[in-house]
Amino acid sequence: MATTKLGFVVTRPGYKSENPKLALTHAIASQSVEIYLKDGDIVTADIAFVGDGVLNCLKDQKAVENYDLNSTESHIKMSLLLDLNVLVCREDLDRFGLSEKDIVIDAPEFGAEVEVKVVPYSEISQMMEEMNHLLFF
Amino acid sequence: MGKLTIGCFASLVGSTNLDFAVKLSAAAMEKGHKVDLWVSGNGTMISIKDQRAFKDYSSLEKPLKELMAKGLNVTACEACAESRGYHADHTLEGVKRFSMDWYLGSAFDADRLLHIGGE
C-alpha cells in the first residue's frame with residue numbers, strides 16, 4: 001500500500017484561461033484513479049489558490065448564465081463533496097480586499113461536509129512541502 | 001533508471017512548450033528513463049494525425065512517432081480532445097486517449113513529475 005500526494009496550485013484567475021478549471025477537474029480525477037493502481041494504493045489531491053488564483057473562489061459566479069458553462073465555483077463545491085483539501089491564501093484575498101464572506105466556503109447543497117480553508121500562506125507552503133509532486137496551473 | 005511523467009497543457013501551435021516536452025522526453029529516454037507524456041487542454045492538438053508541417057509552426061508528428069516506436073507512452077485527455085473536435089479516428093497511431101485519472105495514475109509511481117501548464 002502506498003500513497004502519492006499531489007498538490008494542485010492555482011495561480012491564475014478563472015475564465016481567462018482553461019487552467020484553473022483543468023486544475024480542479026484533474027484534482028477531482030483523484031477519486032477514480034484506483035483503476036490504474038494496485039489494491040490499497042491511492043493518490044490524494046490537495047488544492048491551493050494563491051495570487052490571482054484566489055479570484056476563482058468568488059461566490060455567485062454566473063458562468064451558466066453568461067457562457068452556458070459549469071462555473072469554477074461548482075467545481076470547487078464538487079471538490080468539497082469529495083473531501084478534497086481546498087486552501088485559499090488569506091494574504092492574497094486581503095490584497096484584493098476580499099474576505100471569507102466573498103468566496104465559496106461550503107457546499108451544503110452538494111452534500112459536502114468539508115469546507116474551504118482560508119489560511120496564511122505559511123500553511124499553504126507547509127502543505128506544498130508535504131506533497132510528492134506539485135502541479136502549477 | 002527512473003520514470004518521468006510529463007504533463008503538457010500548452011498548444012502545439014502558438015507555443016513551443018510541447019516542442020520542449022518532446023525534446024525532454026527524448027533526452028530522458030536516451031538516458032534510459034521511462035517517460036509518460038500526458039497532454040490535456042490545448043495540448044491535445046499534438047494527438048491529431050496528418051498535420052501539415054510548415055516552417056513557421058511547430059510540427060511534432062515525426063519525432064513523436066519515432067519516440068513512441070522507442071517506448072514513449074503518450075496519452076491525450078479524451079474529453080479535451082473531443083471538445084476540440086479531435087476524434088478517435090483522426091488520432092495519431094500509438095497515441096492513447098483516456099480520462100484525467102490516467103495522468104494521476106502515471107504520477108503515482110513517477111520519480112519526477114513535470115507539469116507544464118497551458119497558456
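How many nonpolar, polar and charged residues are in the lining of the largest cavity? The legends below take up this question and then move to other close-ups. The model shown is predicted.

**View 1. The largest cavity is lined by residues of chain B.** The structure holds 1 cavity of 30 Å³ or more. The largest cavity has a volume of about 40 Å³. Its lining divides into 5 nonpolar, 2 polar and 1 charged residues. Look for B:Leu12, B:Ile46, B:Ile48 and B:Leu92. B:Gln51, B:Ser59, B:Leu60 and B:Glu61 also line the largest cavity. Rolling a probe the size of a water molecule over the atoms shows where empty space is left.

**View 2. The largest pocket holds about 160 Å³ of space.** The pocket is lined by 13 residues. Closest to its centre are A:Tyr36, B:Lys3, B:Gly105, B:Ser106 and B:Asp109. Two elements of chain B each give two or more residues to this lining: strand S2 (34–39) and helix H4 (101–108). H4(B) gives the most, with 4 residues. Sorted by class, the pocket lining has 4 nonpolar, 3 polar and 6 charged residues.

**View 3. Chain A and chain B bury about 1800 Å² between them.** Carbon and sulfur atoms give 67% of that area. The contact takes 26 residues from chain A. Chain B brings 24 residues to the contact. On the chain A side, find A:His26, A:Tyr36 and A:His133. These three supply 32% of the area that chain A buries against chain B, more than any other three residues. A:Tyr36 is also among the residues closest to the centre of the largest pocket.

**View 4. Five strands of chain A form an open sheet.** The order is S4-S3-S2-S1-S5, and the pairing is parallel. Strands S4 (117–119) and S5 (133–136) stand at the edges. Each has a single partner strand, so one side of each is left without a neighbour in the sheet. Neighbouring strands are turned by 25° against each other on average, direction ignored. Strands of a sheet pair through backbone hydrogen bonds, either parallel or antiparallel.

**View 5. Strand S1 of chain A pairs with S5(A).** S1 covers residues 3–10. The two strands pair in the parallel sense over 4 bridges. A:Val9 stands opposite A:Phe136 in S5(A).

**View 6. Helix H5 of chain A lies across the sheet strands S1, S2, S3, S4 and S5.** H5 spans residues 121–130. In chain A, S2 covers 42–49 and S3 covers 85–89. H5 runs at about 140° to S3(A).

How values were computed:
Residues are numbered from 1 along each chain as its sequence is written. Chains are lettered from A and ligands numbered from 1 in the order in which they are written. This is a predicted model: local features need pLDDT of at least 70, side-chain atom pairs count only at pLDDT 80 or more; totals for chains, interfaces and linings use all residues. Side-chain values use heavy atoms; hydrogens and water are left out. Two strands pair if DSSP finds at least two bridges between them. Axes are lines fitted to C-alpha atoms, for helices over the stretch in contact, and angles run from 0 to 180 degrees between N-to-C directions. Contact means heavy atoms within 4.5 Å. On a 1 Å grid over the protein atoms alone, a cavity is a set of points where a 1.4 Å probe fits but cannot get out, and a pocket is an open set with protein on both sides within 12 Å along at least five of seven lines; lining residues have an atom within 4 Å of a point. Grid points are joined across faces, edges and corners, and a volume is the space filled by probe spheres set on the points. Ala, Val, Leu, Ile, Met, Phe, Trp, Tyr, Cys and Pro count as nonpolar, Asp, Glu, Lys and Arg as charged, and the others, Gly among them, as polar. Buried area is the accessible area (1.4 Å probe) that two parts lose on being put together, summed over both.
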